[in-house]
Amino acid sequence: MSDEDERDVKQRVTRRGFLKGAGLTAAGAAILESGLVGASEGASAAEAPAPVVVGPGRVAMTIRLNGASRRVEVEPRTTLAEALRFELGLTGTKVVCDRGSCSACTVWLDGTPVCSCMTLALDAAGRGVTTIEGLADGETLHPVQEAFIEYDATQCGFCTPGMIMSCAALLRKNADPTLEEVKTATSGNLCRCGTYPKVFEATLAAARQSGGKKGAAE
Amino acid sequence: MAMQQEPHETKKATVAPASAPTGETPVPNAAKHPPNDAPNNASTPMRTVKLPAGIKGVEMTEVERQIPMDEPPVLPVNAELSVIGKRTPRIDGRLKVTGAARYTADVRLPGMLFARIVTSPHPHARVRSVDTSAAERHPNVRAVHVLDRILGNAELRDKSKELPARYPIVRFAGQPVAAVAAVTQADADEAARLIKIDYEPLPFVVDADRAKAKDAPLVFPGAADQAGTAGGGGGPRGVPQEGNVRGPVESGPRGQQPGDVEKGFAEADVTVEGEFRTQVQTHSALETHGVVVDWKPDGLTVYASTQGTASVRDEFAAIFNLKKSQVRVVTEFMGGGFGAKFGAGNFGVIAAHLSKKAGAPVRLMLDRKDEHLSVGNRPSSVQRLKIGAKRDGQLTAIHLQSYGTAGTGTGAGSGGPAQNMYQCPNIRTEESDVFTHAGPAAAFRAPGHPQGCFALEQVIDELAERLQMDPLALRDKIDESPARREERRIGAAKINWPRRRAPGADSGPIKRGVGVAQAVWYRLINLDSACEVRITRDASVELLSGVQDIGGGIRTALAQVVAEELGLKPKDIAVRIGDTSYPAGPASGGSMTTGSISPAARNAAWKVKQQMLQEVAVSLGTSADKLVMRDGQVFVYEEAQKVAEGNGRTSHAAPIRKLSFKQAAARLKTEQIAARASRADDYGGFLFKGGADFGFGIGIYGGVQFAEVAVDTETGIVKVERVVAVHDCGRPLNPLAVESQINGGVLQGISYALYENRILDRNTGLMVNPNLEQYKILGARETPQIEVHLIEEYLGRNSTDAGGIGEPSTIPTAAAIANAFYNATGVRVREIPMTPARVLAALDGKKGGAR
């Protein structure tokens with residue numbers, strides 16, 4: 001069922017159809033590069049198979065959300081952040097600036113941290129999305145989550161989910177980061193309460209504690 | 001002002017003299033309000049106790065005070081306690097790191113609608129007409145509302161000075177005019193664009209210097225005052241006003257009459273003066289202002305991102321003519337406030353109207369642009385400060401003349417530090433507000449004080465240089481605070497002050513320097529602070545209070561206080577807060593939360609403990625007064641002492657009669673016992689009381705910060721490389737969380753000094769950077785090494801002796817950076833933010849000898 005849905009969306013979201021529905025925008029360019037386009041490689045738009053228009057109404061899609069396949073209906077204009085928060089009930093992901101300048105909405109798309117406010121939900125169709133709710137292994141917290149508690153890397157807590165997703169992503173790529181590397185990994189994450197010093201401490205401690213092992217899957 | 005904003009005019013009026021956070025008159029007139037050492041109610045039975053007093057590591061003594069009989073026993077110093085004073089991870093940490101913590105923005109109710117506000121694109125206009133018909137025809141719209149009243153702006157004293165208007169006059173770009181509620185946010189956004197508003201644009205002025213001119217467009221065509229309902233700004237009423245200039249408000253040391261500064265300057269051997277400018281800063285909490293309002297026939301529930309559940313409830317009740325019991329305000333978690341989130345707000349009132357009209361819950365969260373424009377900011381300041389001193393450093397006169405703009409609000413004073421930091425016989429401050437067509441200011445973390453310190457602490461440093469004294473030695477001479485004296489000593493050692501070089505010592509393009517500055521803040525107490533503590537037969541313990549956690553960690557601090565009293569661990573205590581259906585809690589402002597609510601928590605825990613001990617004493621064959629609770633056990637204290645004295649030779653000693661806490665709870669006569677306590681007056685009384693619910697405590701908060709900066713004289717880029725922050729907050733309850741707040745205060749201070757700036761285009765009246773990339777806030781890359789040192793100061797004033805830290809921690813940072821900048825370059829920057837352009841101009845000025 002879910003695979004069919006994925007194919008369904010992939011076939012229905014075509015370049016021309018998308019452009020017709022959404023206009024030529026930066027977001028449009030992003031979706032064209034995402035591999036969702038039905039047109040074969042090298043073919044021009046004119047030679048592409050007949051387009052199918054999706055939207056402006058709701059479109060069904062599936063994503064692998066925190067390891068489980070989830071079906072969701074969204075309008076093409078819906079961002080991944082909106083889909084997570086309002087359609088899928090996962091409000092751990094926060095929206096702060098809604099334009100990619102604060103990283104509060106950071107989730108992993110196929111393992112790579114992205115701003116979910118700058119990602120269209122349809123762009124995540126058929127792909128793996130990990131949110132703050134999916135970072136722990138059951139009741140066992142991710143080492144970064146544990147360290148954030150122990151080192152008091154939260155104050156109001158509103159930046160925390162995005163901050164943790166950035167720090168945990170860093171440890172997946174680099175099990176033993178330097179302070180400078182932690183700063184780079186969190187340089188897009190805005191915290192108004194000023195938790196940065198503790199975020200650095202916590203992330204470095206989590207790396208030590210993990211002993212170089214790679215972070216959680218996904 | 002950062003303290004609780006009371007919506008009632010009468011209360012506001014009485015609180016106003018102590019409006020420390022406005023910087024107008026931070027300390028009450030001591031002549032009018034003599035220290036009240038007598039108990040409030042002479043008939044209250046009292047006992048005499050000795051309380052720890054002094055600074056740990058400096059001098060600890062005991063102070064004897066009369067306290068009411070029903071107060072708990074004296075709490076020993078932290079070293080003798082098992083939970084309080086220990087670094088304690090937040091009990092709600094797991095909820096925060098897993099995304100499970102529910103903020104207002106996360107609330108979803110069945111049938112909940114989404115709202116969007118339509119705001120004015122004009123900074124000054126009359127609204128001729130509002131046509132909502134097209135929006136109403138939108139298939140998914142459920143309610144439309146057009147505003148007939150605006151909260152937050154100052155209001156004309158004499159309404160007849162302005163032509164009557166059907167709709168509120170627009171006085172700033174971003175002022176709400178109408179709103180819609182619809183099925184989805186996208187529907188609401190669409191429908192909002194269908195509302196047609198016909199404006200008659202009027203002349204405007206957004207620049208404070210221009211607004212002072214006689215011929216400037218008027219923001220109000222007559223004298224105006226700002227009500228205390230707005231959750232910010234405000235200040236004394238009835239101040240003289242001419243054109244857009246409201247003031248000056250004149251004051252003297254500690255809120256007394258202004259001194260004779262002319263005489264003081266005549267006596268001075270040295271005088272120093274300068275003009276200092278600070279910008280408008282927006283709060284930019286990550287969670288925007290917002291609510292979910294569920295209007296039901298029997299009352300309304302408001303999920304609010306607020307710093308004051310009680311003040312929001314009171315304001316909703318007043319506006320909608322409801323009983324307070326008909327309004328429930330819930331704030332489980334909130335994403336930052338910094339002083340701007342006390343009232344119902346225009347957005348809250350709008351959401352309530354929409355919910356009432358639609359018969360469904362309505363969610364209204366502001367977007368980032370509206371957050372910058374319409375819900376508060378730190379006013380700007382232009383301060384002319386002159387200080388005179390004798391050759392030995394004794395100050396003879398401090399004279400501050402300042403103005404600033406709080407937009408359409410009031411409260412741009414910055415005189416607090418000048419009035420309250422140093423000993424000086426002649427202090428005079430003259431503070432004026434300048435109205436501009438810009439969003440009203442709100443309390444912002446130590447209102448007036450970062451501004452005031454930016455001027456004061458630089459002039460004090462200049463004075464030291466003129467007197468050829470070390471800046472710390474001069475402060476030792478003129479500053480009477482024992483806490484700050486110790487803080488200077490500790491900080492100087494940590495930063496290695498003696499290695500500080502002469503100004504501009506580096507020969508290369510990058511110049512490094514060290515600077516110091518200090519804070520002053522006040523012991524403000526909200527007496528409407530109550531807690532209930534419950535113990536249930538299954539040994540579960542709950543604390544209930546309306547107080548909300550704005551990020552400081554009060555949830556955990558309260559758990560520590562209760563756990564200490566009951567001999568349990570913080571995680572054993574379920575802390576339920578942020579709900580007006582619980583006992584009234586204080587607003588979180590003025591650094592008041594901990595000092596207001598923690599004594600109530602301890603007193604409630606102690607009372608319920610007495611009840612529990614009474615009930616279990618019989619089964620242990622003893623009396624309650626022989627029992628103690630410690631380490632999860634209830635036992636006969638004397639027997640345990642004997643065993644301890646017996647040095648473990650317990651074979652022939654009598655066994656200790658004891659129960660585990662769990663066993664003891666199981667023997668309760670009823671399923672649950674509970675006790676409730678309110679914040680009592682300080683032991684020995686307050687400096688003065690503002691009405692029944694507000695106390696101005698004896699003693700002050702200090703704080704001293706040292707900054708090391710590197711100035712790139714080729715690019716003008718300033719980097720803060722290291723900060724040493726030494727602070728006091730009475731008895732620290734949770735040093736781990738206090739440290740976090742100090743980090744936050746320092747980082748906001750650096751951000752204020754170097755980056756943040758609300759920029760209004762004077763030609764259009766619009767904010768050009770209403771986002772989070774062009775409104776630059778410090779990030780990870782700009783975060784320096786921060787070393788926090790906390791001193792323990794005991795004042796013996798209540799059952800916990802704990803205080804706040806939010807505000808003192810951000811007050812001196814910008815000034816310390818400015819003094820470090822001078823030490824690095826030999827040039828003073830008298831204006832913030834220290835942008836590269838400004839820095840280069842200042843450095844050029846030096847070359848040309850202009851400064």
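**A strand and its surroundings**

Mentor: In this predicted model, 7 of the 9 residues of strand β17 (residues 381-389) of chain B are buried, so β17(B) is largely enclosed by the rest of the structure. The strand has a pairing with strand β12 (residues 270-278) of chain B, which runs in the antiparallel sense over 9 bridges. Within that pairing, B:Glu275 has B:Arg384 of β17(B) as its bridge partner. β17(B) also pairs with strand β18 (residues 395-404) of chain B, again in the antiparallel sense, over 8 bridges. Here B:Arg384 stands opposite B:Gln401 of β18(B). B:Arg384 can therefore be followed across both pairings, with B:Glu275 as its bridge partner and B:Gln401 opposite it in β18(B).

Another set of paired strands in chain B is an open sheet of 3 strands in the order β2-β1-β34, with antiparallel pairing. Its edges are β2 (59-68) and β34 (793-794) of chain B, each with a single partner strand, so one side of each is left without a neighbour in the sheet. Strand β1 (residues 46-55) of chain B pairs with β2(B) in the antiparallel sense over 10 bridges. One of the bridges in this pairing joins B:Met46 to B:Pro68 of β2(B).

Burial can be followed in a helix as well. Helix α7 (residues 309-319) of chain B is mostly covered, with 8 of its 11 residues buried. Those buried residues are B:Thr309, B:Ala310, B:Ser311, B:Val312, B:Arg313, B:Asp314, B:Glu315 and B:Phe316. Their cover includes β14 (299-304), β15 (327-330) and α8 (345-358) of chain B. Just after α7(B), B:Asn321 takes a positive phi of about 55 degrees.

Next come the helix pairs. Two packed helices are described by the angle between their axes and the distance between the axes. For helix α14 (residues 554-566) and helix α15 (residues 593-617) of chain B, the axes come within 9 Å and cross at roughly 30 degrees. That angle makes α14(B) roughly parallel to α15(B), and the crossing is right-handed. On the α14(B) side the contact is made by B:Ile554, B:Ala557, B:Leu558, B:Val561, B:Val562, B:Glu565 and B:Leu566. The α15(B) side supplies B:Thr593, B:Thr594, B:Ile597, B:Ser598, B:Ala601, B:Arg602, B:Ala605, B:Trp606 and B:Lys609. By class, the residues of this contact are 10 nonpolar, 3 polar and 3 charged. An α-helix has 3.6 residues a turn, so residues three or four places apart point the same way.

A second pair in chain B is made by helix α12 (residues 471-478) and helix α13 (residues 482-495), which pack at an angle of about 165 degrees with their axes 10 Å apart. That makes α12(B) roughly antiparallel to α13(B), and α12(B) passes α13(B) in a left-handed crossing. In the contact, B:Leu472, B:Arg475 and B:Asp476 of α12(B) meet B:Arg485, B:Arg488 and B:Ala492 of α13(B). The classes here are 2 nonpolar, no polar and 4 charged residues.

That leaves the other chain. Chain A has 8 helices and 5 strands, in the sequence pattern α-α-α-β-β-α-β-β-β-α-α-α-α. Of its 218 residues, 55% are buried. Among contacts in chain A between residues at least 6 apart in sequence, 64% join residues at least 24 apart.

The two chains touch through 43 residues of chain A and 41 residues of chain B. On the chain A side, α5 (143-150), α6 (160-173) and α8 (196-210) each supply at least two residues. The most comes from α5(A), with 4 residues. By class, this side of chain A has 18 nonpolar, 15 polar and 10 charged residues.

How values were computed:
Residues numbered from 1 in each chain as written. Chains lettered and ligands numbered in written order. Predicted model: local features only at pLDDT ≥ 70, side-chain atom pairs only at ≥ 80, totals over all residues. Buried ≥ 20, exposed ≤ 12 C-beta atoms within 10 Å, placed from the backbone. Pairing = 2+ DSSP bridges. Axes fitted to C-alpha atoms, helices over the stretch in contact; angles between N-to-C directions. Parallel < 35°, antiparallel > 145°, perpendicular 65-115°, else oblique. Left-handed = near helix turned anticlockwise from the far one by under 90°. Contact = placed C-beta atoms within 7 Å. Nonpolar A, V, L, I, M, F, W, Y, C, P; charged D, E, K, R; others polar.
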